[in-house]
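Please have a look at the structure before I continue.

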Amino acid sequence: MADLSIDFCGVRFKNPVIAASSELTLNADNMKRCVDAGVGGLVAKTLTDSEAMRNQTRKNSKWRFLDEKHRVSPGKLPREFSFYGRSGLAEEEPAEWAGELREAVAYAAEHDSVVIGSAASSSGPKGWAELAKVVEDAGVPLIELNFGCPHPSQMVGEKTGMVVGQDPEAACEAVAAVAAAVSIPIITKLTPQVIDMVEIAKAVREAGASAVTLTNRFIGFTVDVENERPNLYGWAGVGGPWVKPLSLRWISKSYVAMPDFPITGTNGCYDGTDVLEFMMSGARIVQMCSAAMLKGYPYFTEVIKQVDAFVERKGYRSMEQIVGVAARKALTYDQILSLPPERAEIDYDLCVDCGICSDRCYYHSIDEIDGRYVIGDSCRGCGLCSTVCPEAAISVVGGG
Ligand SMILES: Cc1cc2nc3c(=O)[nH]c(=O)nc-3n(C[C@H](O)[C@H](O)[C@H](O)COP(=O)(O)O)c2cc1C
């Protein structure tokens with residue numbers, strides 16, 4: 001096995017695959033199951049001081065896997081499934097939760113794994129600081145502040161999770177209060193439901209955060225068309241592997257803006273290749289929830305093996321070599337304009353003259369001439385034809 005270990009805020013993880021804060025880590029028993037599956041680490045379910053957020057989990061947990069049409073789909077699911085639903089935060093009161101956390105921390109330490117604590121207060125900076133202290137005292141080396149939970153946005157008066165994440169001032173006050181209360185590094189988990197996540201990442205860094213988790217999930221609305229009503233009675237959290245490009249956008253943007261500000265990636269990671277995509281975009285460790293909840297704890301072992309196989313095949317000497325490698329190569333639109341031009345080229349040994357390329361060329365650059373399709377001089381190398389050609393007869397040449 002390759003050396004998959006990586007440092008995150010001074011803490012060594014034996015591999016970058018992390019179980020995200022969720023029902024996967026709802027209590028000590030569940031956290032132990034993550035550790036048994038070989039995860040580099042896990043983020044515990046978020047500790048809260050809100051009875052309403054505890055009750056969301058106890059009494060209002062509702063989850064459905066949806067198919068590619070966003071229909072409730074029992075049984076076999078496509079890779080591009082959605083995970084739709086709601087719950088809340090940890091069910092236990094802080095004192096009881098500390099016991100669960102302590103047990104998980106001890107078990108993880110015996111198995112070379114790491115428990116990251118998580119907290120989210122509903123009662124302002126003082127509340128954030130108090131919860132963070134409970135979490136730190138349970139022995140975790142890192143704490144994640146959950147500024148991303150989407151459900152408070154659907155609840156009356158719950159100023160926690162995403163409601164705080166959308167208010168940079170409130171988020172910064174919470175970070176500053178926690179920074180004054182604890183000595184472990186603070187990771188802030190942000191909501192993507194803002195205009196500019198990088199601006200918020202910069203602000204929380206300034207306030208005392210050592211790292212950032214990008215991104216939590218979105219709120220959605222899906223319809224049971226047969227019964228003319230919403231699934232699960234109303235709005236709910238939504239995500240799935242299809243959301244990955246949106247997450248990678250913010251991870252890469254944050255990495256490029258602040259390469260020395262560590263990122264843990266989440267939201268849309270399905271398999272080992274996705275873990276590597278998150279890392280190449282700038283994440284150092286990658287948190288998974290939906291796919292693992294669909295497939296069960298042993299799935300983590302499979303994902304770690306997939307990462308290992310890639311790292312072995314490519315001969316990386318260290319996981320450091322992977323972090324941000326693609327983000328660093330990303331060009332701005334202006335830079336892309338200055339690259340040498342590209343154009344489409346047809347391989348007539350493969351072309352069957354179906355004309356699909358010409359029909360789908362919205363720039364009118366492919367014409368039929370004497371029964372054969374020909375790329376004209378006006379081709380700008382957009383590449384659409386190469387992806388709709390059923391025979392893979394078209395390639396794009398030139399460029400940088
Ligand atoms: C069932 C469920 C429960 C979750 N609970 C929490 C939580 O308590 N705290 C938190 O920070 N994020 C929570 N999340 C968000 C996940 O940690 C994760 O960031 C998100 O699901 C995106 O990753 P994924 O695409 O692998 O599912 C939860 C997500 C789900 C689906």
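This is a predicted model: local features need pLDDT of at least 70, side-chain atom pairs count only at pLDDT 80 or more; totals for chains, interfaces and linings use all residues.

Trp-128 and Phe-147 make an edge-to-face aromatic pair, with 4.9 Å from centre to centre and 65° between the planes. Because Trp-128 belongs to helix α4 (residues 124-137) and Phe-147 to strand β9 (residues 143-147), the pair ties together parts that are 19 residues apart in sequence.

In total the structure holds nine aromatic pairs, and another of these is formed by Phe-65 and Phe-83, which are stacked at 4.2 Å centre to centre with 10° between the planes. Phe-65 sits in strand β6 (residues 62-66) and Phe-83 in strand β7 (residues 82-86), 18 residues apart. Phe-83 is buried at 3% relative accessible area, while Phe-65, at 19%, also counts as buried, because the limit is under 20%. Both rings belong to one aromatic cluster, together with Trp-63, Phe-81, Tyr-270 and Tyr-299.

Turning to the domains, the chain is divided into domain 1 (6-329) and domain 2 (333-398), and the centres of domain 1 and domain 2, taken over C-alpha atoms, are 42 Å apart. Finally, there are two arginines to point out: Arg-372 lies over the face of Tyr-348, 4.1 Å from the ring centre, and Arg-380 lies over the face of Tyr-363, at 3.5 Å from the ring centre.

Methods:
Residues are numbered from 1 along each chain as its sequence is written. Side-chain values use heavy atoms; hydrogens and water are left out. Domain bounds come from an automatic or database domain assignment. Rings of Phe, Tyr and Trp (its six-membered ring) pair if their centres lie within 6.5 Å; planes under 30 degrees apart count as stacked, over 60 as edge-to-face and the rest as tilted. Helices (H or I, at least four residues) and strands (E, at least two) are DSSP runs, numbered from the N terminus. Buried means under 20% relative accessible area, exposed over 50%, partly exposed in between (1.4 Å probe, protein chains only). A charge sits over a ring if NZ of Lys or CZ of Arg is within 6 Å of the ring centre and within 35 degrees of the ring normal.
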